[in-house]
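Welcome! Here is a short briefing to read alongside the sequence and the 3D view. Take a look around before you start on the notes.

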Amino acid sequence: MDADHHTETVELISFRIDSQEFCLDIMAVREIRGWTAATPLPHSPPFVRGVINLRGAVLPILDLKARLGLGDAEPSARSVIIVVQVGKRLVGLLVDGVSEILAADPNTVQATPNVGCDVVTRFVRGIITLEGRMISWIALDDILPPEETAEAA
Amino acid sequence: MDAMDAIKVTYFQECDELLQELEQGLLALEAGEGDGETINAVFRAVHSVKGGAGAFGFDALVAFAHVFETVLDEMRSGRLDADLDIVKLMLRASDVLTDLLQAAKGEGSVDQARADAMAAELEALTKEDAAAEAPAVAAGEAPAADEWGFTPLRMQIDEPSAAQQGDWRLALKPTTAAYAKGHDAAVLLRELARLGQIESRCDFSALPDFGALAPEQAYLSWDVRVPGGVDETAIREIFDFVGDDCPIELAREEWAIEAPPPAIDPPGETDISALIARVQDSQPREASPAADDAGAAKGQRAEGAASPTIRVGLDRVDRLINLVGELVINQAMLTQRVAESGLARSSTVAIGLDELEQLTREIQDSVMAIRAQPVKSVFQRMPRLVREIAGSTGKQVRLVTEGENTEVDKTVVERLSDPITHMLRNAIDHGLESPEERVAAGKGPEGTVRLAALHRSGRIVIEVSDDGKGINRPRVREIAVNKGLISPDAQLSDDEIDNLIFLPGFSTASSISNISGRGVGMDVVKRSIQGLGGRISISSAPGRGSTFTLSLPLTLAVLDGMVVSAGEHTLVAPLTAIVETLQPKPGDVRALGPRSSVLTVRGGHVPLIDVGMALGWRDHPIDPSEGVVLLIESEGGGRAAIVVDAIQGQRQVVIKSLEENYQRVDAVAAATILGDGRVALILDLDALVNSQRTERFDSPLLAEAS
């Protein structure tokens, strides 16, 4: 039964940035925690908010809104950090709040339409349509800044 | 394949320990402290290396270990005297064994000629010995042998013939644990079959009814007959690998021979006198090989029980250390909250918290102690190095080590080896005189180099001292002047002259020897030590020798730092780089160039760097006279003044990697977690100074001009 569950549907965690809906594969999510002020890093791209202490590990915090080119987020008491695993690294994503956990059949995920926008092709893995809503499934592979940009910025 | 590689890694780890044991034992023998047990330990070490090497098919290693082992066996049985010359030969043989093992590991290569020569030398030792004793046996003791029903002729044959020796009876009963570890009786039997025609019988008697059968339980045992001509060691080697999980009983069949030789000794040895002696010994108690074997095994186990150890992956320990670090921070926060809540100091909550604090501190100490290791592992490598350098320089050297059990964090231990190696090379090559010079100076021909480790004020101190000629100060001064390192009229104290040798580009040896002068000098040693947060200094007395003193933090996980603030940010500057802190007067700061300024310190000018600006946290520098200046010395010896807003204090901080979850950040060495749970960045002061230098080329002025 368990096996069926995994092969047929993926569980996704969804959240909202302004009017758009996004989601992440729940398997990549390690935990969700409240916002704490981050220590800024020098010479880092604007979407890197800095680093926080996650039980002894130094965790970089990325502003997902800024990363997706939608403007800087304004962290409030309601904001949360979604801690995700990207390769061997743990990264915190700052979002305004998570909405729900939904299940989707991977076969119904539509390819990302070509809107001629680099951010969309890099960070949107596919589109999920659910009850008339359009939810963008975020790809995490490129979410960290490449090694050189830190110095170039 | 992976599993095999993993086993190999374990084997090499064990070999490292075995080789250390071997060298230690030999050194004890050299010092005349060894006894029978030492020789036994040395023998066992070589034997175990050989056993594993056979399993992995390292033929060169097996061949050499075998010759080595044979000589050791002679020593063990008292047929060969462990005199000084032989022990010295053994020490060199152990060096060759180490090289062979390195080659097997795929690191480094073997000087095959050297290995062969050593093997020949060892072989000569046993041959000579046998040749010398054989006639004596034939003449003197042969009749005595008859009394015990021995036919000397039969034993004297090199290869005892199978016909006259009883076949081996081997009882094999693998335990459940053996199967659980992936051993397979079929494989073992197949190995046995390769030694000769075997007959095996499987014993099903222990097999329960099907209903009662536990599928993972071992029920079967085998009774195997192996031809008597097969060497016992060959049989036992097959089972070495399986260890205690698969107990075997090996015995000669009774009918062939009246008194079988005790099982631990390989048959097929030519020496009769010892054998007779042993038979005489064993006569009253009836030879019982199994009992002998069990006794030996018990002895080994008892030894193991004396200091039981476990191997634990370093990552697990690191995880534990991280968690404990977090526990400490959490506990500190909790204490602060409780204090803020206005609870009385005498309340049960506050008392409970005090206890928690004590416990946390104890846990932290114990966890750090797990990673602590004695410096012995590094010190043990040094006698060989000293022997080699002494050999190639023609000097006579005695190495004295002290404080081998001084403990320090594992990561520090690993990085001690290079500096110590370099300092020892230096001490022997430059410090000690040749035997003739020593005698002429009224000293003994043999020089002494002392290597000592001790704890001093929360740091580990390593001292390398020699009783050689000391630093030739006029010469050092002359070289420094010639190389333009100091001005000819500089007034330097003796101490300052001594420390000139740490300057980059300084090398006193007039000829580049292949030992010390490999293009790296003491400046490299100094830099690598500073990289570890350490310091090095030298003191010297002409004619009486010099002492290098090296001090390092006990752990690399912790750093002595100065906590400073820049704007609203908190930063940590490594204390080792800071020379002094000062509050400049407004007149001391002068502009130099479009954007940069310098600070006048006691007549000299040093570049001024505003941390907040350098890190891109503010657009305009603060007025240095309102902040504090950290005067730092960079790795290259250059100085710089770093401007910060204020100094918060001096503290030990736990180093956390930024690369683990993010990437390297320019001018930042690492991060740490402060008492309030926030992350603070640890500055890389050298990178900070250098980044200022490169930034000047792409300043806005240049950009506008292009």
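A residue is called buried when its relative accessible area is under 20%, exposed when it is over 50%, and partly exposed in between, using a 1.4 Å probe and protein chains only. By that rule, 45% of the 153 residues in chain A are buried. Please keep in mind that this is a predicted model, in which local features need pLDDT of at least 70, side-chain atom pairs count only at pLDDT 80 or more, and totals for chains, interfaces and linings use all residues; side-chain values use heavy atoms, with hydrogens and water left out. Residues are numbered from 1 along each chain as its sequence is written, while chains are lettered from A and ligands numbered from 1 in the order in which they are written.

**The layout of chain A**

- Chain A has 4 helices and 10 strands, where helices (H or I, at least four residues) and strands (E, at least two) are DSSP runs numbered from the N terminus.
- Read from the N terminus on, the order of the elements in chain A is α-β-β-β-β-β-α-β-β-β-α-β-β-α.
- A contact means heavy atoms within 4.5 Å. Of the contacts in chain A between residues at least 6 apart in sequence, 56% join residues at least 24 apart.

- The predictor's confidence in each residue is given as pLDDT, from 0 to 100. Chain A averages 84, and 91% of the residues score at least 70.
- Where pLDDT is low, the predicted coordinates should not be read in detail.

**Where chain A meets chain B**

- On the chain A side, 29 residues are in contact with 24 residues of chain B.
- Buried area is the accessible area (1.4 Å probe) that two parts lose on being put together, summed over both. Between chain A and chain B this comes to about 2,200 Å², with carbon and sulfur atoms giving 57%.
- In chain A, the residues that lose the most area to chain B are A:P42, A:N53 and A:V58, together 27% of what that side buries.
- Strand 4 (48-54), strand 5 (57-63), strand 7 (89-95) and helix 4 (149-152) of chain A each supply at least two residues of the side that touches chain B.
- That side of chain A divides into 19 nonpolar, 5 polar and 5 charged residues. Here Ala, Val, Leu, Ile, Met, Phe, Trp, Tyr, Cys and Pro count as nonpolar, Asp, Glu, Lys and Arg as charged, and the others, Gly among them, as polar.
- Between the two chains there are 6 residue pairs in polar contact, both residues being at pLDDT 80 or more. A polar contact is a pair of N or O atoms within 3.5 Å; within protein, one must be able to donate a hydrogen and the other to accept it, and residues adjacent in sequence count only if both atoms are side-chain atoms.

**Salt bridges**

- Side chains of opposite charge can pair when their charged atoms come close. A salt bridge is a side-chain nitrogen of Lys or Arg within 4 Å of a carboxyl oxygen of Asp or Glu.
- The whole structure holds 30 salt bridges over all chains, yet the count between chain A and chain B is 0.
- B:R311 forms a salt bridge with B:E17, with the closest N and O atoms 3.5 Å apart. Because B:R311 lies in the loop between helix 11 (289-306) and helix 12 (314-340) of chain B and B:E17 in helix 1 (residues 2-30) of chain B, the pair ties together parts that are 294 residues apart in sequence.
- B:R438 and B:E433 form a salt bridge, their closest N and O atoms being 3.1 Å apart. B:R438 is buried at 2% relative accessible area, and B:E433 is buried at 6%.
- A network of salt bridges links B:E23, B:D95, B:D99, B:R384, B:R387 and B:E388.

- B:K50 sits in helix 2 (residues 36-56) of chain B. Is B:K50 buried or exposed? B:K50 is buried, with a relative accessible area of 7%.
- Beyond its neighbours within four places in sequence, B:K50 is in contact with B:V62, B:A65, B:H66, B:E69 and B:E237.
- B:G78 lies in the loop between helix 3 (59-76) and helix 4 (84-105) of chain B, and counts as exposed at 56% relative accessibility.
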